[in-house]
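Please read the points alongside the sequence and the coordinates.

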Amino acid sequence: MLLLEIVTACSVTLVICFGVFFLFWQKRKLAELEADLTRLRTQGIDISKDTLLNAQSPAQKQG
């Protein structure tokens, strides 16, 4: 029974750690996207973040 409680506690800890990691990973990717958009705007290309996030890939258009 103690082993089951230890395994459960470790599993919960791993899930929480993964959730925190994924949250920061997502924020980092969003910051990179915003930096790329800023760089494109300085080059004269006007594009919004919503346009990129809602755009369909070629595979989605075919399917």
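A residue is called buried under 20% relative accessible area, exposed over 50%, and partly exposed in between (1.4 Å probe, protein chains only). By that scale Asp 36 counts as partly exposed because its relative accessible area is 36%. The model is predicted, so local features need pLDDT of at least 70 and side-chain atom pairs count only at pLDDT 80 or more, while totals for chains, interfaces and linings use all residues. Residues are numbered from 1 along each chain as its sequence is written, and side-chain values use heavy atoms, with hydrogens and water left out.

**Salt bridges**

- The structure holds three salt bridges, a salt bridge being a side-chain nitrogen of Lys or Arg within 4 Å of a carboxyl oxygen of Asp or Glu.
- Side chains of opposite charge can pair when their charged atoms come close.
- Asp 36 is paired with Arg 39, and their closest N and O atoms are 3.5 Å apart.
- Both Asp 36 and Arg 39 belong to helix H1, where three residues, about one turn of the helix, separate them; helices are DSSP runs (H or I, at least four residues), numbered from the N terminus.
- Arg 39 is partly exposed, at 44% relative accessibility.

**The network at Glu 32**

- Arg 28, Lys 29 and Glu 32 are linked in a network of salt bridges.
- Between Glu 32 and Arg 28, the closest N and O atoms are 3.3 Å apart; these two residues of helix H1 are four residues apart, about one turn of the helix.
- Glu 32 also meets Lys 29 in a salt bridge, at 3.5 Å from N to O.
- Because Lys 29 and Glu 32 are three residues apart in helix H1, about one helical turn separates them.

**Nonpolar surface**

- Val 12, Ile 16, Val 20 and Phe 24 make a nonpolar surface patch of about 380 Å².
- Patches are made of residues with over 30% relative accessible area and no salt bridge; like charges are joined within 9 Å, and nonpolar side chains (Val, Leu, Ile, Met, Phe, Trp, Tyr) within 5 Å.
- Accessible areas come from the Shrake-Rupley method with a 1.4 Å probe, and for residues only the protein chains shown count as cover.
- Val 20, a member of this patch, lies in helix H1, which covers residues 2–42.
- Val 20 counts as partly exposed because its relative accessibility is 42%.
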